[in-house]
Amino acid sequence: MSIEDRKKDHLLFSIRGDVESDIPAMFQDVYLIHDAVPEINLEDIELTTVFLGHEFSAPLIVAGMTGGHSLAKKINAAIAEAVEELGLGMGVGSQRAALLNPKLEETFSIVREKAPTAYIIGNIGASQIVMDLSPGDLEKMIDMVKANALAIHLNPLQEAVQMEGEPFYRGFLDKAREIIENCEIPVIAKETGAGISKEAAEKVVKAGFSAIDVGGLGGTSFSKVEYYRALNNGDKEMAEISKTFSSWGIPTVFSILEVRTVTNLPLIATGGIRSGVDIAKALRLGADLAAVGRPVIQVAFKEGSQGVKKYLKRLIKELRITLFLIGAKNLEELRSKPVVFSPRILNWINQRKLKIPFNYIKV
Ligand SMILES: Cc1cc2nc3c(=O)[nH]c(=O)nc-3n(C[C@H](O)[C@H](O)[C@H](O)COP(=O)(O)O)c2cc1C
C-alpha cells in the first residue's frame, strides 16, 4: 500500500472508528480542589503562556496528525485557520510522504499559508531518521512549513504492530544527536500514544532534545487503528497482534509524573486530553502545554475550520472555568494550588520511586 493510501486509511479509521484506548489517561484520578470562595471574577483569568520562546493565547495546541493526502490537506487547512485566529499552534503529521514525493508537499505547506504567525511543529519518525533521511531533508521539512520546532515521533509500538511497520530503533540516539546539532530550531521528542517513562526521558534529555511530548496512553490508540486496518486488509494475524497491544503503554498522567521527576525541559501533554479540566490537571502535574489530537480531525472533517475553532474555544472556556473554580488567576497560580491523588496514582509513584517535585495530598 502506498504511503498516500496509508495516510488516508489512518485518517478515515480515526475519524469513523472506535479507536479510543480502553485504558484511560487517568485524569479522573487527579483532583483539583474546588474553592467556594475564589475571590476573583471569571473574566479576570489570564491564560497566555510562553513555550519555547513563543507566546500562546492559551496553553493548547493541536497534536501533529496529518499530511500526505488530499483529504489531509483539507483537514490541515481547517486546523491551521483555526489556530491562527485563536493564537495557538499545531503540529503536522510525519512529513516523510512529502520527502519521498514532492507533489505531496502542498498537503503540509498549506498549514503555513493558512497560519502565517501560529506556532507550527514539523514532524518525522524515529525509524525514518535511523533508516533513510537524506542530506538536505532536514532543511526541506523545516522549510516546507516554516517550522518553529521539529518533532521526532517515537512510535515503536505502532511500527511493531503495523502491517507495513518499520520497527528500527537501533542507533536512534546517535542519529538524533546529529540532527539536533544541525537543526536551527528546537527538536521535540514526541511519543504517539504509549507514553514516555523516566528512563526514556533521561535518554532523550542526554541526546539534547529541547522539549518532550509525553504522548501517553489513554486517548487515540494506534494499535486499534492498525487493528481495523489489518482486518480490512484480511491480515488476521496482524489484527490479533494489534489487538493484544491495544492497552499497552503508560497513561498520560503517569507519564507526565515520570518525565517531570527527571527533567525540567518544556513539556507537552498529549494523549486523551478531552476537556479544559484535563488541560488544567496536566498543567498542574507539570506540563507546559496540552495537545489535542483525534477530536480535532473529527470536527475538521465534519465542520471545517469553524467547527475546529468552536471546539478549541470550548476547551479554552472550560480551562478558564477550572481556574476560576480553584481560585487561580493565571497558570502560575494554578501550579501552586492543592492537588489530590487517588491510591492508583500513589501506587504508581511508590512502585516507580518517583520523586514528585511538588506537594500533593494523599487520600
Ligand atoms: C490520524 C492520526 C494520525 C497521526 N499521525 C501522527 C504522526 O504522523 N506523527 C505524530 O507524531 N503523531 C501522530 N499522531 C498522534 C497524535 O499526535 C497524538 O499523539 C495522538 O492522537 C493522541 O492524542 P489524542 O488522544 O488527543 O488523539 C496521529 C494521530 C492520529 C489520530
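Colleague: Before counting, what makes a run a helix or a strand here?

Modeller: This is a predicted model. Helices are DSSP runs of H or I with at least four residues. Strands are DSSP runs of E with at least two.

Colleague: How many helices and strands are there in the protein chain?

Modeller: Both are counted over the protein chain. The count is 16 helices and 13 strands.

Colleague: What radius of gyration does the protein chain have, against the globule rule?

Modeller: The C-alpha trace spans about 60 × 45 × 40 Å along its principal axes. For 363 residues the globule rule gives 21 Å. The chain comes close to that, so it is as compact as a globular protein of that length. Its radius of gyration is 19 Å.

Colleague: Which residues of strand β11 are buried on each face?

Modeller: In a regular strand, side chains alternate between the two faces of the sheet. Strand β11 covers residues 289-292, and both its faces are covered. The buried residues are Leu 289 and Ala 291 on one side, Ala 290 and Val 292 on the other.

Colleague: Which residue in β11 is the bridge partner of Thr 270?

Modeller: β10 and β11 pair in the parallel sense over three bridges. The chain crosses from β10 through α13 to β11, a right-handed β-α-β crossover. Strand β4 also pairs with β11 in the parallel sense, over three bridges. There, Ile 61 stands opposite Ala 291. The partner of Thr 270 is likewise Ala 291.

Colleague: Which element gives the most to the shell around the ligand?

Modeller: The ligand is surrounded by 26 residues; the closest are Ala 63, Gly 93, His 153, Gly 219 and Gly 293. Elements giving two or more residues are α1, β7 and α14. By class, the shell has seven nonpolar, 17 polar and two charged residues. With three residues, the top contributor is α1.

Terms used:
Residues are numbered from 1 along each chain as its sequence is written. This is a predicted model: local features need pLDDT of at least 70, side-chain atom pairs count only at pLDDT 80 or more; totals for chains, interfaces and linings use all residues. A residue is near a molecule or strand if its C-beta atom, placed from the backbone, lies within 6 Å of it. Ala, Val, Leu, Ile, Met, Phe, Trp, Tyr, Cys and Pro count as nonpolar, Asp, Glu, Lys and Arg as charged, and the others, Gly among them, as polar. The radius of gyration is taken over C-alpha atoms; the globule rule is 2.2 Å times the number of residues to the power 0.38. A residue is buried if 20 or more other C-beta atoms lie within 10 Å of its own, exposed if 12 or fewer, and partly exposed in between; C-beta atoms are placed from the backbone. Two strands pair if DSSP finds at least two bridges between them. A crossover is right-handed if, with the strands pointing away from the viewer, the path from the first strand over the helix to the second runs clockwise.
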